[in-house]
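Subject: Structure handover

Hello,

My notes follow below it.

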Amino acid sequence: MDPLLDFTDQVALITGAASGFGKLIAEGLAQRGAKVVLGDVNEDVVESLAEKLRADGGQAVAQRCDVALEEDCQRLVATAVERFGRLDIAVNNAGISHDFTPFEEIQQSVWTRQWEVNVNGVQFGMKHQITQMKKQGGGNILNLSSMAGIGGAPGIAAYGAAKHAVVGLTKSAAAELGPVNIRVNAACPFFTLTPMVAESSIVVQKGVPAAESVLSRGCVMKRLGQPDEVANTMILLLSPANTYMTGQCIAISGGALSL
Ligand SMILES: NC(=O)c1ccc[n+]([C@@H]2O[C@H](COP(=O)([O-])OP(=O)(O)OC[C@H]3O[C@@H](n4cnc5c(N)ncnc54)[C@H](O)[C@@H]3O)[C@@H](O)[C@H]2O)c1
């Protein structure tokens, strides 16, 4: 295997692994030799994925993990250590969106839930991942932010605020943890046709072509992302050869511009 993409024996934890980017990253890492630990609220689906990866010759374990609950995030790290002895890579991918809504009409419950899942979920995960990575002398964390985390996001302000917080968590942790060989980066995709977007009300109501032309207005490539091209870029960022990059929030965006 090309050493740039050889994850043999690396232990990788992925949250939100039942769908979309998380599922593709889990498959991509397992196919390249990683031992994967998969968490999701959708326990049956994530367990089936782990079974499939094992049937294909990989090493995979799955468990229910609601990232909004600190004890679930802690248990996922504990499972990695119990089953595979360490934790090299953590992808804090689980996240939720919300419907396009004028700023002043976003319900308080939506703001709160965005914070619980998209911010606390990343912070709880990082807290326990970092504790383990410090014990073993290093590690590699990739958080899922968004283009909405590095620029204005009209109509999805609660999501955008939460994803900006993920950038803050990423940069602060990277600055603090570089000396102990823990690298922390974030991926910032533009709208991509994972179930999160494909099943969103704008796409369901308008259909893909019409929704794409509205959503991709600010994107120089004039199209939405495809799930594999974005997930593959994240796998490239996780490459075992990528050892000197930290504190970066990388746009994967077809050139979409941000305010
Ligand atoms: N698709 C996009 O356009 C896009 C763009 C930028 C960033 N992102 C981010 O990428 C990440 C993955 O999104 P996706 O597009 O693959 O979405 P998706 O909806 O296809 O997958 C999200 C997964 O997270 C899981 N999940 C939701 N809440 C959870 C919780 N509390 N605990 C554990 N798991 C939970 C879901 O069950 C699902 O399996 C998210 O953080 C999202 O915000 C997506």
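Is G254 buried, partly exposed or exposed? G254 is partly exposed, because its relative accessible area is 26% and that class runs between 20% and 50%. Please keep in mind throughout that this is a predicted model.

**G254 and its contacts**

G254 sits in the segment after strand 7 (249–252). Beyond its neighbours within four places in sequence, G254 is in contact with C219, V220 and M221. C219 is 35 residues away along the chain, yet the C-alpha atoms of G254 and C219 are separated by 6.1 Å.

**The ligand site**

The ligand is surrounded by 28 residues. The closest of them are S19, D40, Y159, T192 and T194. By class, the shell holds 16 nonpolar, nine polar and three charged residues.

Which helices each supply at least two residues of the shell? They are helix 1 (20–31), helix 5 (157–177) and helix 6 (195–198). Helix 6 gives the most, with three residues.

- D66: a polar side-chain atom lies 2.9 Å from a nitrogen atom of the ligand.
- V67: a backbone N or O atom lies 3.0 Å from a nitrogen atom of the ligand.
- F21: a polar backbone atom is 2.8 Å from an oxygen atom of the ligand.

On its own, the ligand has 830 Å² of accessible area, and the protein covers 92% of that.

**The nonpolar cores**

The largest nonpolar core has 32 residues. Those that touch the most other members are I14, I25, L29, V36, L38, M234 and L238.

Take V36 as a way in. Not counting residues up to four places away in sequence, V36 touches A12, I14, A26, L29, A30, L53, Q59, A60, V61 and F84.

A second, separate core has 28 residues. Its members include V37, V122, I141 and L177.

**Two asparagines, N92 and N143**

Where is N92? N92 is in strand 4 (residues 89–92). N143 is found in strand 5. How accessible is N92, and is it buried or exposed? N92 is buried, because its relative accessible area is 3% and the limit for that class is under 20%. N143 is buried as well, with a relative accessible area of 0%.

N92 and N143 touch each other. Setting aside residues up to four places away in sequence, N92 also touches T15, V122, G125, M126, Q129, I141, L142 and L144. With neighbours within four places left aside, the contacts of N143 include V122, M126, V166 and T170. V184, N185, A186 and A187 are also in contact with N143.

**E27 in helix 1**

E27 lies in helix 1. This charged residue is buried, with a relative accessible area of 12%. Leaving aside neighbours within four places in sequence, E27 is in contact with L49, K52 and L53. One distance for scale: E27 and P179 are 152 residues apart in sequence and 31 Å apart in space, C-alpha to C-alpha.

**Backbone angles to look at**

D9 lies in the segment before strand 1. D9 counts as partly exposed, at 48% relative accessibility.

K222 also has a positive phi, near 55 degrees, and is a residue other than glycine. K222 is placed in the loop between helix 8 (208–215) and helix 9. K222 is exposed, because its relative accessible area is 52% and that class begins over 50%.

Best wishes

How values were computed. Residues numbered from 1 in each chain as written. Predicted model: local features only at pLDDT ≥ 70, side-chain atom pairs only at ≥ 80, totals over all residues. Heavy atoms only, no water. Helix = DSSP H or I, 4+ residues; strand = E, 2+ residues; numbered from the N terminus. Buried < 20%, exposed > 50% of the residue type's maximum accessible area, 1.4 Å probe, protein only. Contact = heavy atoms within 4.5 Å. Near = heavy atom within 4 Å. Polar contact = N/O pair within 3.5 Å; in protein donor to acceptor, adjacent residues only side chain to side chain. Areas by Shrake-Rupley, 256 points an atom, 1.4 Å probe, with all protein chains shown as cover. Core = buried A, V, L, I, M, F, W, Y, C linked by side-chain atoms within 4.5 Å.
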